Amino acid sequence: MAMSDPELLDLLLHDPEEGCRVLLTQYTGFVLAIVRKRIGGVCSPQEMEELVSDILFDLYCRRQRIQLEKGSIKGLLATMTMHRCTDWYRQYTSQQAKAVQVDETLLPEAADPAYDPEEQYLHKEQCELLFAAMKQLSETDRNLIMWKYYFGETASEIAERLSMRVGAVEMRISRAKTKLRKLLGGDINVV
């Protein structure tokens, strides 16, 4: 049986750990349904899960400022979710314009005379395999890897560009690297 708003708010304030557990149990499905309806066509399941977690965490962090006389927790979550979905979609369309094309133009052009031809060939082959694997990643993950390792941007710079938390960017980059390793058979040091 679902907790009433006053009971849940009291629990969030006086037993935050249990309150958080109840909040997640009671409202994850509700928030996810809104996210799916609003941006499910362009958002990956993993991105939706992260967005839902972020929204519920934001509510948890605001627990001391919740005023039930102004509206229900469900109503507050619905409003927060719609705003976050709108923000996410704006970032997504903005990223589309800034998307990095992963193709042969990014391969090393001139051979370094210090390397022998066999090493140059192997390096070029590794780059081609890496770029082929990157094309299998989502566009967001591909962009994160390119911005971080090809263009040398820091996680802070990427987070600022995407209006994300630095920790979220680092986690996404780590997951993207793990996907790349799997795509490459796990043998190659990705980046």
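Trainee: How many residues line the largest pocket, and which lie nearest its centre?

Mentor: Rolling a probe the size of a water molecule over the atoms shows where empty space is left. In this predicted model, 19 residues line the largest pocket. Leu51, Asp54, Arg84, Ser163 and Met164 lie nearest its centre. (A pocket is an open set of points on a 1 Å grid over the protein atoms alone where a 1.4 Å probe fits, with protein on both sides within 12 Å along at least five of seven lines; lining residues have an atom within 4 Å of a point.)

Trainee: Which element gives the most to that lining?

Mentor: Helix α4 does, with 6 residues. α3 (45-61), α4 (73-98) and α8 (166-183) each give two or more. (Helices are DSSP runs of H or I, at least four residues, numbered from the N terminus.)

Trainee: At what angle do α7 and α8 pack?

Mentor: About 110°, with their axes 8 Å apart. (Axes are lines fitted to C-alpha atoms over the stretch in contact; angles run from 0 to 180 degrees between N-to-C directions.) The two helices are therefore roughly perpendicular (65 to 115 degrees).

Trainee: Which residues of α7 and α8 meet?

Mentor: From α7, Ala155, Ser156, Ile158 and Ala159. They meet Val166, Val169, Glu170 and Ile173 of α8. (Contact means heavy atoms within 4.5 Å.)

Trainee: What is the mean pLDDT of the chain?

Mentor: It is 82, and 80% of residues reach 70 or more. (pLDDT is the predictor's confidence in each residue, from 0 to 100.) Over residues 107-112 it falls below 50.

Trainee: What are the ground rules?

Mentor: Residues are numbered from 1 along each chain as its sequence is written, and side-chain values use heavy atoms, without hydrogens and water. Local features need pLDDT of at least 70, side-chain atom pairs 80 or more, while totals for chains, interfaces and linings use all residues.

Methods
Angles under 35 degrees count as roughly parallel, over 145 as roughly antiparallel, 65 to 115 as roughly perpendicular and the rest as oblique.
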